[in-house]
Amino acid sequence: YLDWFEERMEITDPVEWYMVRMEDFAKLNGLAFVSSKFSGSPRQVAEYLYPDHPWQQWKFQKVERGYWQNPSNAKEYLEHLAEVMGIEEVTDWYKVTRRDFEENEGGRILGRFSTSPFTVISQHIDGEEWKPWLFDKAPNSFWQDLENQKWYMDWLAGELGITELDGWYIYDRDVLNRRKGGGLLRLYSTSLARILVTLYPN
């Protein structure tokens, strides 16, 4: 049956199995067979037919339940993404966007981690104290947390060499826009003064 299925599906290369769905088996009267012999998994069929092929499970149309909850699977995908994206330094991960994941079979791992590259990367890549604001987009609701706001402002002060509150007088709101703080600025009606008064009342 499987030889016949490949012929009907015009599968001539193992990688073409990544596109196979259970619906394809249903259309070709193989649903019961695959369900009973391969737990309803096209991936298991592909691995049975081509056991020596270096399969990457995330490329199949559906991964098995709980797949992304296993840290080793997430790390394996990130290693693949690093190779595709040409990542050499750990800080290169800050350049990776949601779109980069989606265009490289990573949409489902994003869905598992709140559609946030920061969340995926920070939980699985060591070697950096990850700063959410340095990514293309901070996680949802990140700026609403006062602790996060102060974390960012303390970091920015360090970047600018500010050691006393008076040191802020020579800066305006543009310094936040230039240093990935636009999301915080918008919460305070684009007023640097309001941010400082709120976070450093004394």
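Start by selecting Tyr1, Trp4, Phe5, Trp17, Phe25, Phe33, Phe38 and Tyr48, which form one aromatic cluster. Two rings of Phe, Tyr or Trp (its six-membered ring) are a pair if their centres lie within 6.5 Å; planes under 30 degrees apart count as stacked, over 60 as edge-to-face and the rest as tilted. By this rule the count comes to 28 aromatic pairs.

What is on screen is a predicted model, in which local features need pLDDT of at least 70 and side-chain atom pairs count only at pLDDT 80 or more, while totals for chains, interfaces and linings use all residues. Residues are numbered from 1 along each chain as its sequence is written, and side-chain values use heavy atoms, with hydrogens and water left out.

**Colour by confidence**

Now colour the chain by pLDDT, the predictor's confidence in each residue, from 0 to 100. The chain averages 95, and 100% of the residues score at least 70. Confidence is lowest in helix α7 (residues 107-112), at a mean of 92, and highest in helix α9 (residues 146-160), at 97. The helices (H or I, at least four residues) and strands (E, at least two) are DSSP runs, numbered from the N terminus.

**Select α5**

Go to α5, residues 71-85. How far apart are the end C-alpha atoms of α5? They are 21 Å apart, which agrees with the span that its 15 residues should have at 1.5 Å a residue. The expected span is 1.5 Å times one less than the number of residues.

Show the side chains of Asn73, Ala74, Tyr77, Leu78, His80, Leu81 and Ala82, the buried residues of α5. Buried means under 20% relative accessible area, exposed over 50%, and partly exposed in between (1.4 Å probe, protein chains only). The cover over these buried residues includes α6 (98-102), α7 and α8. After α5 comes glycine 86, with a positive phi near 70°.

**The largest nonpolar core**

A nonpolar core is a set of buried Ala, Val, Leu, Ile, Met, Phe, Trp, Tyr and Cys residues joined through side-chain atoms within 4.5 Å. The largest one has 23 residues, of which Trp68, Tyr77, Trp93, Phe101, Ile109 and Trp130 touch the most other members. Two or more of its residues come from each of α5, α7 and α8 (117-124), and α5 gives the largest share, five residues.

Centre the view on phenylalanine 101. Not counting residues up to four places away in sequence, Phe101 has contacts (heavy atoms within 4.5 Å) that include Tyr77, Leu78, Leu81, Ile109, Leu110, Val120 and Ile121.

Next, pick isoleucine 121, in helix α8. Is isoleucine 121 buried or exposed? Isoleucine 121 is buried, with a relative accessible area of 0%. Beyond four places in sequence, Ile121 touches Trp93, Phe101, Trp130 and Phe135.

Keep tryptophan 130 and phenylalanine 135 in view. Their ring centres are 5.9 Å apart and their planes lie at 45°, so the pair is tilted. Tryptophan 130 is buried at 6% relative accessible area, and phenylalanine 135 is buried at 2%.

Then select arginine 112 and phenylalanine 113. The charged end of arginine 112 sits over the ring of phenylalanine 113, 5.2 Å from its centre. That description requires NZ of Lys or CZ of Arg within 6 Å of the ring centre and within 35 degrees of the ring normal.

Which residues are buried in α9? They are Asn148, Gln149, Tyr152, Met153, Trp155, Leu156, Ala157 and Leu160. The cover over them includes α10, α11 and α12. Helix α9 has 15 residues and reaches 21 Å from its first C-alpha to its last, close to the 21 Å expected.

In helix α11, pick glycine 183. Glycine 183 is buried, with a relative accessible area of 16%.

**Two loops to finish**

Most residues other than glycine have a negative phi. Lysine 180, in the loop between α10 (174-178) and α11 (182-187), has a positive phi of about 65°. Lysine 180 is partly exposed, at 40% relative accessible area.

The last stop is threonine 190, in the loop between α11 and α12 (192-199). Threonine 190 also has a positive phi, of about 55°, and counts as partly exposed at 34% relative accessibility.
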